[in-house]
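Hello,

Here is the structure I said I would pass on. My notes on it are below.

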Amino acid sequence: MIVKLAKSYGFCFGVKRAIEIAEQHKNSATMGPLIHNQKEISRLKENFNVDLYENISDVKKNDTVIIRTHGITKNDLQTLKKHDAKVINATCPFVTTPQQIVKHMSNENYSVVIFGDEEHPEVKGVKSYGDDVHVVKSVSDLKNLTLKHDRIATVAQTTKQKDHYAEIISALMIKHKEVRVFNTICDATFENQAAADELSKQVDIMIVIGGKNSSNTKQLFYICEANIKTYHIEDENELDKKWFNGKTTCGVTAGASTPDWIIKNVCNAVEIIDA
Ligand code: SF4
């Protein structure tokens with residue numbers, strides 16, 4: 001198989017930064033998974049003894065606790081500080097920005113609408129910084145909103161697609177006089193998405209590599225799947241030779257939490273497939 005990599009793929013600035021921070025703090029623990037990639041989390045545990053705490057109650061006095069790229073809620077941060085833990089903040093600066101916007105706009109008496117997935121840790125964290133904050137996944141969710149203020153501010157989960165965010169904004173503007181829009185969608189995600197779209201129009205099959213629970217990997221999958229048959233895998237062990245029957249060129253991209261060593265393994269395994 002001929003393997004073509006997307007022009008932009010894999011680790012983004014925020015994830016690279018979080019991993020470097022974790023590597024610099026041996027014998028620490030992360031609050032929730034540092035990034036959405038189990039294999040990288042295992043590597044940090046094996047090589048740097050960086051543990052994973054699932055709950056705040058796991059934290060012991062004087063622990064060094066690293067906050068993951070997606071951030072945590074304001075309450076959890078306060079609780080950590082109360083536990084006398086040494087807090088190392090690896091929240092991506094592009095996630096800190098919407099947290100600050102929500103805090104500021106709430107203080108200015110705006111109702112805040114977040115375009116995102118209610119259960120996503122990043123959204124839970126961002127939401128916790130305001131008073132009247134509502135999360136919507138689609139335009140239809142706007143019907144059920146009861147907003148406290150006439151003035152609206154909007155932010156988006158960093159991994160969302162810009163055109164979907166624009167639909168939410170348009171719908172809000174039809175009903176409300178003042179809508180302040182903050183484009184908090186991360187360019188790293190956008191660059192990976194644009195490159196995936198471009199490449200998936202030029203190949204016979206696409207492979208998207210990343211954690212099964214990684215939101216930005218799933219977005220890449222949907223974008224590619226709209227153009228060509230696409231498979232979402234976590235590593236080379238999930239490849240199935242049957243997928244490649246009659247195909248010549250395979251495109252490869254990877255989510256923002258996928259380490260280069262996994263991408264390399266997949267490319268090497270696909271290259272030797274005789275379709
Ligand atoms: S995708 Fe963007 S927002 Fe998310 S961690 Fe990477 S750089 Fe930060």
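The model is predicted, so local features need pLDDT of at least 70 and side-chain atom pairs count only at pLDDT 80 or more, while totals for chains, interfaces and linings use all residues. Residues are numbered from 1 along each chain as its sequence is written, and side-chain values use heavy atoms, with hydrogens and water left out.

Ligand site. The residues around the ligand are Cys 12, Gly 14, Cys 92, Phe 94, Thr 158, Cys 186 and Thr 189 (each has a heavy atom within 4 Å of the ligand). This shell divides into 4 nonpolar, 3 polar and no charged residues; Ala, Val, Leu, Ile, Met, Phe, Trp, Tyr, Cys and Pro count as nonpolar, Asp, Glu, Lys and Arg as charged, and the others, Gly among them, as polar.

Lys 160. This residue is in the loop between β8 (152-156) and α6 (162-175). Helices (H or I, at least four residues) and strands (E, at least two) are DSSP runs, numbered from the N terminus. Lys 160 is buried, at 10% relative accessible area (buried is under 20%, exposed over 50%, partly exposed in between, with a 1.4 Å probe and protein chains only). Its side chain makes a polar contact of 3.2 Å with that of Asp 117. Such a contact is a pair of N or O atoms within 3.5 Å; within protein, one must be able to donate a hydrogen and the other to accept it, and residues adjacent in sequence count only if both atoms are side-chain atoms. Apart from neighbours within four places in sequence, Lys 160 is in contact (heavy atoms within 4.5 Å) with Phe 115, Gly 116, Asp 117, Ile 185 and Gln 219.

Ala 196. Helix α7 (residues 187-200) holds Ala 196, which is buried with a relative accessible area of 0%. Beyond four places in sequence, Ala 196 is in contact with Leu 220, Cys 224 and Thr 253. Its C-alpha atom is 8.7 Å from that of Phe 221, 25 residues apart along the chain.

Lys 175. Lys 175, in helix α6, is exposed at 64%.

Backbone angles. Most residues other than glycine have a negative phi. Asn 62 has a positive phi, near 70°; Asn 62 lies in the loop between β3 (51-53) and β4 (64-67) and is exposed at 59%. Asp 84 also has a positive phi, near 60°. Asp 84 is in the loop between α3 (74-82) and β5 (86-89) and is partly exposed at 42%.

Regards
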